[in-house]
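Welcome! Please take a moment with the sequence and the structure below, and then read on for a short tour.

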Number of protein chains: 2
Amino acid sequence: MSEIERCEFLCVHQDTVEKVLKQMPSDEKLYDLAELFKVFGDSTRIKILYALFEAELCVCDIAQLLGLSQTAVSHQLRILKINSLVRARKDGKNVFYSLADSHVRQIIGQGMEHVEE
Amino acid sequence: MSEIERCEFLCVHQDTVEKVLKQMPSDEKLYDLAELFKVFGDSTRIKILYALFEAELCVCDIAQLLGLSQTAVSHQLRILKINSLVRARKDGKNVFYSLADSHVRQIIGQGMEHVEE
DNA sequence: ATAACATATGAACAGATGTTCATATGAAAG
DNA sequence: CTTTCATATGAACATCTGTTCATATGTTAT
């Protein structure tokens, strides 16, 4: 038994650990949850989402608004779309993006409350 | 004027953009918000936080519970602590960690709702 | 004091992530 | 149908991030 493993069998509070284990969601769910937060965890994407709080915007609008390149915005919108955080509506040459659902507002709102303390 | 810039001055919906700009939080706040979500955006840290939903746990408990090395857990707890998501209580050789406040539960809860759809 | 133990920390390394550049796609106008 | 424009996408590159390994710190028991 290696040094590292030793600790795990001596100091562990077994009853507590077992109680907690029963309540844990599946690994898959926890992985998905982390993936979701990862999407929010980039300031470019947060800025895009926040911009969409107020209005439906095309790629160009977002790029100018935030001082970013069209390419960078497009790449990030792709990620937001894949994760169902934004929706796309095509209108001629333009593609207008908007928030996908109210969860996005709620999650960002909660985060902002925490940050503002 | 380069090809990329051209788009920004032709297709932009100026009035909408200006309206949105007025409502945007400061860059600093948006950066902090992204940093916060970045902390939630890792499955090891999410697992640790979820484990702490149920009970106060020492480093060893968490390591065994999640099948991780003591070192990895310790590093992640450090990040969680710096970002005020967990609190540490020292008791002899052990250090017990617990959730810092209810925001953590709320943010994770909202995220989970989104994932479970 | 010294040994055993729980936790923390620094350096190194591998893998992930975001931007840029070049180019492709698809739609409207001439 | 060719050009122009708005958007999308792939590859390359630099940076960031998480784990491991080695070791340090601080606490309890002998």
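Predicted model: local features only at pLDDT ≥ 70, side-chain atom pairs only at ≥ 80, totals over all residues.

## How two chains meet

Chain A has an average pLDDT of 91, and 91% of its residues score at least 70; pLDDT is the predictor's confidence in each residue, from 0 to 100. In residues 1–5 of chain A the pLDDT falls below 50, and beyond near neighbours in sequence this stretch has one contact in the model, a contact being heavy atoms within 4.5 Å.

Residues are numbered from 1 along each chain as its sequence is written, chains are lettered from A in the order in which they are written, and side-chain values use heavy atoms, with hydrogens and water left out.

Now to the interface. On chain B, 63 residues are in contact with 63 residues of chain A. Together the two chains bury about 5,600 Å², with 71% of it on carbon and sulfur atoms; buried area is the accessible area (1.4 Å probe) that two parts lose on being put together, summed over both. Phe37(B), Gln64(B) and His114(B) supply 12% of the area that chain B buries against chain A, more than any other three residues.

There are also ten residue pairs in polar contact across the interface, both residues at pLDDT 80 or more. A polar contact is a pair of N or O atoms within 3.5 Å; within protein, one must be able to donate a hydrogen and the other to accept it, and residues adjacent in sequence count only if both atoms are side-chain atoms.

Salt bridges come next: a side-chain nitrogen of Lys or Arg within 4 Å of a carboxyl oxygen of Asp or Glu.

| Salt bridge | N to O distance |
|---|---|
| Lys47(A) and Asp27(B) | 3.6 Å |
| Glu35(A) and Lys38(A) | 3.1 Å |

Glu35(A) and Lys38(A) are three residues apart in helix H3 (residues 27–40) of chain A, so about one helical turn separates them.

How are the two copies related? A rotation of 180° with 0.0 Å of shift along its axis superposes chain B on chain A, with an RMSD of 0.0 Å. The two copies are thus related as by a two-fold rotation axis. Superposition is by least squares on the C-alpha atoms of residues with pLDDT of at least 70 in both. Moreover, 100% of the interface residues of chain B are also interface residues in chain A, so the copies meet through the same surface.

How values were computed: Helix = DSSP H or I, 4+ residues; strand = E, 2+ residues; numbered from the N terminus.
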